[in-house]
Amino acid sequence: MYGAGIEAFLAIVQTQNLKNAAELLHLTQATVSYRLKTLEAEMGAMLIERSKGVQRVALTPFGESFVAIAERWSALKRDTEKLQASGPELGLAIGGSNSLNTYVLPPLYRALMKHTPSIRLTFRTQHSIELWDTLERREIDVAFVKMERDVPNITVEPFFLDESVLIRLASPENTGLQAIHPTELSAENEIYWNWGPSFQAWHDRWWDPLRSSRAAVDVAGLIFALMEDARQWAVVPKSVASSFVMSGKFMIQPLLESPPSRICYKLTHKYPKASTLRSLVCLDQYLRLFIPEMIR
């Protein structure tokens with residue numbers, strides 16, 4: 001469809017006058033008239049009534065019906081121009097386990113939100129086992145998990161090594177505590193969070209696996225909501241502990257015979273969508289900047 005003619009036609013509709021339409025478009029009246037005639041020839045019908053000596057133009061019945069179409073076409077043209085000016089839109093759907101999304105990845109996410117050109121971001125929090133399946137179904141583009149599996153279409157990269165630490169209440173009784181051995185800790189006072197197989201194997205080495213801890217939680221944040229006695233303790237990844245130590249209410253006590261560090265993994269599909277390739281490159285650049293313990 002003849003765009004210049006539609007622009008001239010809508011200017012005439014708006015001003016109700018050929019001369020005023022020309023002034024609105026910063027064109028000569030002859031140019032506006034030519035564009036209108038060219039559009040009418042393309043449409044195969046008159047759009048404007050012609051009457052000598054009449055300053056105010058009137059639309060033909062066909063022209064009246066065409067106004068709405070012309071306005072929609074003009075709006076689509078503007079939207080297309082805006083899209084072309086902004087370039088291809090970047091997008092990324094990111095999944096993460098609860099502890100990683102809460103305690104490790106926010107600096108990365110904040111950086112991505114400030115990236116120019118902007119990236120349309122979607123965040124999802126799920127258990128690690130669920131994230132593997134979600135990525136395989138291509139519902140997300142990248143996932144950060146706490147467990148490794150062997151899935152044919154998924155690329156697995158260790159990206160973060162999280163030291164394990166002993167966390168306790170920062171009370172007068174615990175001030176200046178020296179390094180402690182696991183055998184000196186009573187399971188009765190533990191708030192237990194199983195954050196991975198390697199931790200569970202270490203835990204079973206020092207405490208009877210057949211005797212449950214008094215309190216067991218499934219999310220890290222609940223540990224700190226429940227801990228209110230100087231005798232209570234928990235072993236958690238350092239990224240989790242550091243977030244709460246900053247409040248001044250909790251402290252890290254040196255632990256002899258520490259459990260192994262938690263290895264966290266970045267998952268991507270072996271055949272990523274073409275529309276996300278640029279966004280994945282941006283993600284990797286920010287990972288190197290904002291995750292200091294990132295595995296190189």
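## Helix α1 and helix α3

Axes here are lines fitted to C-alpha atoms, for helices over the stretch in contact, and the angles between their N-to-C directions run from 0 to 180 degrees. In this predicted model, the axis of helix α1, which covers residues 3-15, comes within 8 Å of the axis of α3, and the two cross at roughly 115°. Angles of 65 to 115 degrees count as roughly perpendicular, and α1 and α3 are therefore described as roughly perpendicular to each other. The crossing of these two helices is left-handed.

On the α1 side, the residues that meet α3 are A4, G5, I6, E7, A8, F9 and I12, while α3 contributes V32, R35, L36 and L39. Sorted by class, the residues of this contact of α1 with α3 comprise 8 nonpolar, 1 polar and 2 charged.

## Helix α2 and helix α3

Helix α3, residues 29-43, also meets helix α2, residues 18-25, and here the axes come within 8 Å and cross at roughly 100°. That angle makes α2 roughly perpendicular to α3. The contact brings L18, K19, A21, A22 and L25 of α2 together with Q29, V32 and S33 of α3, and by class it holds 5 nonpolar, 2 polar and 1 charged residues. V32 of α3 is named in this contact with α2, and V32 is also listed in the contact of α3 with α1.

## Helix α6 and helix α11

The residues that make the contact are P107, L108, A111 and L112 from α6, together with C282, L283, Y286, L287 and F290 from α11. By class, this contact of α6 with α11 has 9 nonpolar residues, with no polar and no charged ones.

In helix α7, the buried residues are S128, L131, W132, T134 and L135. The elements that cover these buried residues include the strands β3 (90-96), β4 (119-125), β5 (142-145), β6 (154-162) and β12 (262-269). Just after α7, R138 takes a positive phi of about 65°.

Buried means under 20% relative accessible area, and T134 is buried because its relative accessible area is 0%. Not counting residues up to four places away in sequence, T134 touches R124, Q126, E139 and I140.

Helix α8, residues 197-206, has F199, W202 and H203 as its buried residues. Seen down the axis of α8, these buried residues fall within an arc of 100°, so they line one face of the helix. What covers the buried residues of α8 includes β8 (191-192) and β10 (234-237).

On the other side of α8, by contrast, P197, A201 and R205 are exposed.

S99 is found in helix α5, which runs over residues 98-104, and S99 counts as buried because its relative accessibility is 1%. When residues up to four places away in sequence are left out, S99 touches V104, K146, W193, V240 and R262. The C-alpha atoms of S99 and E148, which lie 49 residues apart along the chain, are separated by 16 Å.

G221 belongs to helix α9, residues 220-226, and this residue is partly exposed, with a relative accessible area of 27%. Leaving aside its neighbours within four places in sequence, G221 is in contact with Y103 and F244. G221 and N98 are 123 residues apart in sequence, and their C-alpha atoms are 9.7 Å apart in space.

How values were computed
Residues numbered from 1 in each chain as written. Predicted model: local features only at pLDDT ≥ 70, side-chain atom pairs only at ≥ 80, totals over all residues. Heavy atoms only, no water. Contact = heavy atoms within 4.5 Å. Helix = DSSP H or I, 4+ residues; strand = E, 2+ residues; numbered from the N terminus. Nonpolar A, V, L, I, M, F, W, Y, C, P; charged D, E, K, R; others polar. Buried < 20%, exposed > 50% of the residue type's maximum accessible area, 1.4 Å probe, protein only. Arc of directions from axis to C-beta. Parallel < 35°, antiparallel > 145°, perpendicular 65-115°, else oblique. Left-handed = near helix turned anticlockwise from the far one by under 90°.
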